Amino acid sequence: MASNFFSFLLLLLQISCSTLSSALQETTPPMNHTGQINSNSVLVALLDSHYTELAELVEKALLLQTLEEAVGKHNITIFAPKNEALERDLDPEFKRFLLEPGNLKSLQTLLLYHIVPARIDPHSWPKSAAALTHHRTLSNDRVELTGDDSSGSKFIGTARVINPNAINRPDGVIHGIEQLLIPRSVQQDFNNRRSLRSISAIKPEGAPEVDPRTHRLKKPAPPVLPGAPPVLPIYDAMAPGPSLAPAPAPGPGGPHHHFNGMRQVKDFIETLLQYGGYNEMADILVNLTSLATEMGRLVSEGYVLTVLAPNDEAMAKLTTDQLSEPGAPEQIIYYHIIPEYQTEESMYNAVRRFGKVSYDTLRLPHKVLAQEADGSVRFGHTDGSAYLFDPDIYTDGRISVQGIDNVLFPPEDKAKDEKKTIKVATVKPRRGKLLEIACQMLGVVGQDSLFTSCQL
């Protein structure tokens, strides 16, 4: 009887042990790693893949240990941006922010935002935007998965999946996406840091200026509107010496959205050569002088020019003496450049309306006179005048080139050329009366030595 009782107790003990062991097996997760990840792990595949920019950021963010622990616990899904999204398309200022040592937490949050602690295969992706799903990432933020039924595209947030199942391993999968995912917390940190930097930067300002007429502070100059002309006159911006003109208003062309004056001057000189008959003018601008460079700089600073270009027949009439003096070629060309933008139509309408129009030139203080003659525009005075021969050879809105048939010279200053003469009166006054007036003026009436001569 006792033996049967002990046998029954032994049987109950065996049943209890087997039940306990099975319960422990159900509650304890299987350990597939022994402190090191498998060589076939998705994490190793990421470090050896062509997603080099993402792998480099993972190493810089010191996330290898965290990802090893995540891979050891469950499958993961990594959304890997292409290298161009991290290298070329990313804002350089934002990238500098992420790589600063003080922003390591933001970099870690950004990278963990691309990893979901679950396996998401392409077949489990939502088919349309209406059937969207949310997944929590390792950064404890949620990402939204959607699809496009018509095109079959898959999206995570606003980023399109361009390479689904790029890497598939037993413990995870990597999907290639076209752009970087930025969580709101990281974007907010970046905006706060940028705002703080702009607030803390102290811009140097000069002492306030007082208007001597009103004894009040001068108001700052209003901002220059896009396309507005330069503030200073063109003569203050001309060589020699550095230009005094302020920064020009933004304009089309050029690397900094300003006027590309050198390109425009090169274009109009090439147009002169292709037009024919203006080779001498182009040669003077490029080879004999540095006026082409100066004109390009003026146009880049926002100024406009009208060039009255003499043709080759007119330039051939110039003598050696007229060109050999120092600065003579420059002065000749300066007199043919008007600091305005004029076309053949605008000049002809002006002379038709006003009869005669005087245009300023770059050769101060001389002006060139324009008037209507024979249904055209004639420049200069009667002697040595020139007709508008080839209108609108080049017009681009900044530079206008008008061909003329003669070289213009400013009228000579007659005041310098006229000889100063002294006119002598032909009617002689009486000698006695003249001596009397002279003695009274000199006050010598009381002197004996001169009194006699005054009585003569």
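The side chain of Gln402 makes a polar contact with the side chain of Asp392, at 2.7 Å. A polar contact here is a pair of N or O atoms within 3.5 Å; within protein, one must be able to donate a hydrogen and the other to accept it, and residues adjacent in sequence count only if both atoms are side-chain atoms. This is a predicted model: local features need pLDDT of at least 70, side-chain atom pairs count only at pLDDT 80 or more, and totals for chains, interfaces and linings use all residues. Residues are numbered from 1 along each chain as its sequence is written, and side-chain values use heavy atoms, with hydrogens and water left out.

**Gln402 and strand β16**

- Gln402 sits in strand β16. Helices (H or I, at least four residues) and strands (E, at least two) are DSSP runs, numbered from the N terminus.
- Gln402 counts as buried because its relative accessibility is 0%. Buried means under 20% relative accessible area, exposed over 50%, and partly exposed in between (1.4 Å probe, protein chains only).
- The side chain of Gln402 also makes a polar contact with the side chain of Ser400, at 2.9 Å.
- Six of the six residues of β16 are buried.
- Ile399, Val401 and Gly403 point one way from β16, while Ser400, Gln402 and Ile404 point the other way.
- In a regular strand, side chains alternate between the two faces of the sheet.

**Partners of β16**

- β10 and β16 run parallel and are joined by six bridges. Two strands pair if DSSP finds at least two bridges between them.
- Leu305 has Ile399 in β16 as its bridge partner.
- β15 and β16 run antiparallel, with four bridges.
- Thr395 stands opposite Ser400 in β16.
- The hairpin of β15 and β16 has three residues between the strands, and Gly397 takes a positive phi near 95 degrees there.

**Nonpolar cores**

- The largest nonpolar core has 33 residues, of which Phe268, Leu285, Met295 and Val401 touch the most other members. Such a core is a set of buried Ala, Val, Leu, Ile, Met, Phe, Trp, Tyr and Cys residues joined through side-chain atoms within 4.5 Å.
- Elements giving two or more residues to this core include α9 (261-275), α10 (279-288), β15 (386-395) and β16 (399-404).
- α11 supplies the largest share of this core, five residues.
- Phe268 touches Leu285, Met295, Tyr394, Ile399 and Val401, not counting residues up to four places away in sequence. Contact means heavy atoms within 4.5 Å.
- Apart from this core lies another, of 31 residues, among them Ala45, Ala61, Leu86 and Ile115.

**Helices α3 and α7**

- In helix α3 (residues 52-60), the buried residues are Glu53, Leu54, Ala55, Leu57 and Val58.
- These buried residues pack against α2 (42-47), α4 (64-73), β1 (76-81), α5 (83-87), α6 (92-99) and α7.
- Helix α7 (residues 104-112) is mostly covered, with seven of its nine residues buried.
- The buried residues of α7 include Ser106, Gln108 and Thr109.

**The seven-stranded sheet**

- An open sheet of seven strands has the order β2-β1-β7-β6-β5-β4-β3, with mixed pairing.
- Its edge strands are β2 (115-116) and β3 (133-136), each pairing on one side only.
- Five bridges join β6 (residues 159-169) to β7 (residues 172-177), and the two run antiparallel.
- Val161 stands opposite Ile177 in β7.

- Strand β12 (residues 356-360) has Val357 and Tyr359 on its covered face; Lys356, Ser358 and Asp360 lie on the uncovered one.
- β12 and β13 (residues 367-373) pair in the antiparallel sense over five bridges.
- Six residues connect the two strands in a hairpin.
- Val357 has Ala370 in β13 as its bridge partner.

**Salt bridges**

- The whole structure has six salt bridges. Each is a side-chain nitrogen of Lys or Arg within 4 Å of a carboxyl oxygen of Asp or Glu.
- Lys367 forms one with Asp360, the closest N and O atoms being 3.6 Å apart. Lys367 is partly exposed at 45% relative accessible area, and Asp360 is partly exposed at 31%.
- Arg160 forms one with Glu178, again with closest N and O atoms 3.6 Å apart. This pair links distant parts of the chain, 18 residues apart: Arg160 in β6 and Glu178 in the loop between β7 and α8 (184-200).
- Arg119 forms one with Asp121, at 3.3 Å between the closest N and O atoms. Arg119 counts as partly exposed at 30% relative accessibility, whereas Asp121 is buried at 17% relative accessible area.
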